[in-house]
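These are my notebook entries on one protein chain. I looked up ring pairs, charged pairs and strands, in that order.

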Amino acid sequence: MKTRFTYFAFRYISFTCVFAFLSLNLFATSYSVTVKNYEFSPKELTITVGDEVTWTNSDGNHNVNGAKATFPNNPDSFGNDVGSNWTYKFTFNTAGTYDYQCDPHAAFGMIGKIIVNPKTVTSSQTLADGNEKIKLYPNPASQYMQILVPPNYAAIRSVKVYTIAGSIVDEKSLSGNEGSIPYDISHFKNGVYLMEITAGNERNVLKFIKQ
């Protein structure tokens with residue numbers, strides 16, 4: 001049993017693939033902000049981790065400055081240089097509140113805010129017909145946990161792990177189902193995580209505890 005477990009652990013770890021954060025998930029949403037008449041419109045947006053915001057300037061010389069040097073409480077820095085007729089895009093991969101401004105016109109109230117909520121799931125989407133569910137065992141776990149896949153599930157394409165705050169900490173590409181897939185969590189910090197399992201165009205999100 002130990003030999004079989006080690007074999008599958010090695011096999012699936014070999015499929016590990018870290019993708020760019022710009023493709024954080026298949027369900028990301030794009031938002032648009034117009035830069036015109038000395039204001040950002042909308043001035044405030046509420047989005048989800050992994051979503052992309054596009055600013056389009058069609059009037060005057062402006063910029064987007066969300067740098068931590070200007071706003072120390074921002075989780076990450078973003079922004080572009082002052083200019084005209086530009087388009088700037090940024091994908092928000094960390095939950096939190098982001099303030100930003102147009103440097104030449106901040107004193108005139110040309111400021112904005114992006115509120116990035118953690119990625120959460122209110123209901124699991126099934127990966128197969130019937131009542132059988134994919135499971136994680138043991139849970140809690142400290143070293144390895146098994147992804148228990150019922151028969152007739154669609155082939156699993158990827159597994160992603162997020163903190164409860166919505167930041168991605170691990171992801172792997174898979175090439176099918178083995179009934180019981182070992183997953184190494186030994187390098188995670190103790191805490192609560194969400195595992196997103198994608199098969200076809202559907203996904204299932206399960207909560208687990210690393211201890």
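**Entry: aromatic rings.** I looked up ring pairs and got a count of twelve aromatic pairs. The rule takes rings of Phe, Tyr and Trp (its six-membered ring) with centres within 6.5 Å; planes under 30 degrees apart are stacked, over 60 edge-to-face, and the rest tilted. The model is predicted, so I note that local features need pLDDT of at least 70 and side-chain atom pairs count only at pLDDT 80 or more, while totals for chains, interfaces and linings use all residues. Residues are numbered from 1 along each chain as its sequence is written, and side-chain values use heavy atoms, with hydrogens and water left out.

I then returned to the list of twelve aromatic pairs. Tryptophan 55 and phenylalanine 78 have ring centres 5.8 Å apart and planes at 20°, so I wrote them down as stacked. Tryptophan 55 is in strand 4 (residues 52–57) and phenylalanine 78 is in the loop between strand 4 and strand 5 (87–91), so the pair ties together parts 23 residues apart in sequence. Strands here are DSSP runs (E, at least two residues), numbered from the N terminus.

Buried means under 20% relative accessible area, exposed over 50%, and partly exposed in between (1.4 Å probe, protein chains only).

Next I checked phenylalanine 92 and tyrosine 98: their ring centres are 4.8 Å apart and their planes at 75°, so this pair is edge-to-face. Phenylalanine 92 is buried at 0%, and tyrosine 98 is buried at 0%. One aromatic cluster is formed by Phe40, Trp55, Phe78, Tyr88, Phe90, Phe92, Tyr98 and Tyr100.

**Entry: charges.** How many salt bridges does a search of the whole structure find? I got two, taking a salt bridge as a side-chain nitrogen of Lys or Arg within 4 Å of a carboxyl oxygen of Asp or Glu.

One joins lysine 113 and aspartate 99, with the closest N and O atoms 2.6 Å apart. The pair links distant parts of the chain, since lysine 113 is in strand 7 (residues 111–117) and aspartate 99 is in strand 6 (residues 96–101), 14 residues apart. Lysine 113 is partly exposed at 26%, and aspartate 99 is partly exposed at 24%.

Lysine 172 and aspartate 170 also form a salt bridge, with the closest N and O atoms 3.7 Å apart. Here lysine 172 is buried at 7%, and aspartate 170 is buried at 13%. Lysine 172 also lies over the face of tyrosine 183, at 5.0 Å from the ring centre. For this, NZ of Lys or CZ of Arg must be within 6 Å of the ring centre and within 35 degrees of the ring normal.

Entry: I found an open sheet of three strands in the order 8-9-12, with antiparallel pairing. Strand 8 (135–137) and strand 12 (180–184) each have a single partner strand, so one side of each is left without a neighbour in the sheet. Two strands pair if DSSP finds at least two bridges between them. Strand 8 and strand 9 (residues 144–148) pair over three bridges, and leucine 148 in strand 9 is the bridge partner of lysine 135.

Strand 10 (residues 156–163) and strand 11 pair in the antiparallel sense over five bridges. Serine 158 has serine 173 in strand 11 as its bridge partner. In strand 11 (residues 168–173), five of the six residues are buried.

Technical notes:
Helix = DSSP H or I, 4+ residues; strand = E, 2+ residues; numbered from the N terminus.
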